[in-house]
Amino acid sequence: MKWLIASRNRGKIRDFQVLFDQLGYELVGLDAFEDLPEVIEDGDTFEANAVKKAVQLHEATGLPTLGDDSGLVVDALDGEPGVYSARYAGEPSDDDANNRKLLKNMEQFSDPTQRAARFVCVLAVCRDSEEPWWVEGRCEGRVGHEVRGSNGFGYDPLFEPMAHQGKTMAELSPEQKAAISHRGNALRALYEKLSSESFSKK
């Protein structure tokens, strides 16, 4: 069976294909199709954006479709940058600018407990004859005081996961990161759902 993932990111597609190989499914990205509609991510939650991607692209292609949305949620900033994580400092998306803005907005919060944050990843599935559904993965931690590390992207150089205190996500090996990351946790939840006996009998 062939599935579509709502992404053109080849690295992300490769990561997801590892899981889909175990399920016996082929995974293709948006580049496998021409003239697909551009999905506007205007939802106010990760769930809304992920489901919108899955539904619209399933309707356009007829394939079972996986949509995702993810970002960083900072308690002291009332959930910012949240669904605006990729464009926190404006368009076009710029990781360095986003990190600088986050550090500026966190200057008043010096106590580690005030810098609590989490990465969140939502994976949504849309297929024929069933309502869209989604799973979520989280990684708890805090916002650091400086950018450190080169093994990541986005907010990885600022985010210090609880499982590896004193290190940022960008200072971890790929194996360490996969074991604790929000995307890794969401993928494991997706695998459990797709491979469950009750699901496979549908």
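**Strands, helices and cores of a predicted model**

Mentor: Nine of the 10 residues of strand E3 (residues 65–74) are buried, so the rest of the structure largely encloses E3. This is a predicted model.

Trainee: In what order do the six strands of the open sheet stand?

Mentor: The pairing in this open sheet is mixed. Its edge strands, each pairing on one side only, are E2 (26–28) and E6 (159–161). Neighbouring strands are turned by 35 degrees against each other on average, direction ignored. The order of the six strands is E2-E1-E3-E4-E5-E6.

Trainee: How many bridges join E3 to strand E4?

Mentor: On one side, two bridges join E3 to strand E1 (residues 2–5), and these two strands run parallel. Strand E4 (residues 116–126) runs antiparallel to E3, and the number of bridges joining them is 10.

Trainee: Which residue of E4 is the bridge partner of Thr-65?

Mentor: Partners of E3 residues can be named one at a time. Ile-5 has Leu-66 as its bridge partner in E3, and Leu-72 stands opposite Phe-119 in E4. For Thr-65, the bridge partner in E4 is Cys-126.

Trainee: Against which strands do the buried residues of helix H3 pack?

Mentor: Helix H3 spans residues 95–105, and its buried residues are Ala-97, Asn-98, Asn-99 and Leu-102. At the start of H3, a side-chain oxygen of Asp-94 comes to within 3.0 Å of the backbone nitrogen of Asp-96. The strands that the buried residues of H3 pack against are E3 and E5 (133–143).

Trainee: At about what angle does helix H5 run to E5?

Mentor: Helix H5 covers residues 182–195 and lies across E1, E3, E4 and E5. Its angle to E5 is about 155 degrees.

Trainee: Which element gives the largest share of the largest nonpolar core?

Mentor: This core has 19 residues, and those with the most contacts inside it include Trp-3, Phe-16, Phe-20 and Leu-190. Two or more residues come from each of E1, helix H1 (10–23), E4, E5 and H5. The largest share, five residues, comes from H1.

Trainee: How many residues make up the second, separate core?

Mentor: Among the members of this second core are Phe-119, Cys-139, Tyr-155 and Ile-180. One of them, Cys-139, counts as buried because its relative accessibility is 4%, under the 20% limit. The second core has 17 residues.

Trainee: With the side chain of which residue does Glu-160 make a polar contact of 3.3 Å?

Mentor: Glu-160 is placed in strand E6 and counts as buried at 10% relative accessibility. Leaving aside residues up to four places away in sequence, Glu-160 touches Gly-141, Arg-142, Gly-144, Arg-148, Lys-167 and Thr-168. The polar contact of 3.3 Å joins the side chain of Glu-160 to that of Arg-148.

Terms used:
Residues numbered from 1 in each chain as written. Predicted model: local features only at pLDDT ≥ 70, side-chain atom pairs only at ≥ 80, totals over all residues. Heavy atoms only, no water. Buried < 20%, exposed > 50% of the residue type's maximum accessible area, 1.4 Å probe, protein only. Helix = DSSP H or I, 4+ residues; strand = E, 2+ residues; numbered from the N terminus. Pairing = 2+ DSSP bridges. Contact = heavy atoms within 4.5 Å. Polar contact = N/O pair within 3.5 Å; in protein donor to acceptor, adjacent residues only side chain to side chain. Axes fitted to C-alpha atoms, helices over the stretch in contact; angles between N-to-C directions. Core = buried A, V, L, I, M, F, W, Y, C linked by side-chain atoms within 4.5 Å.
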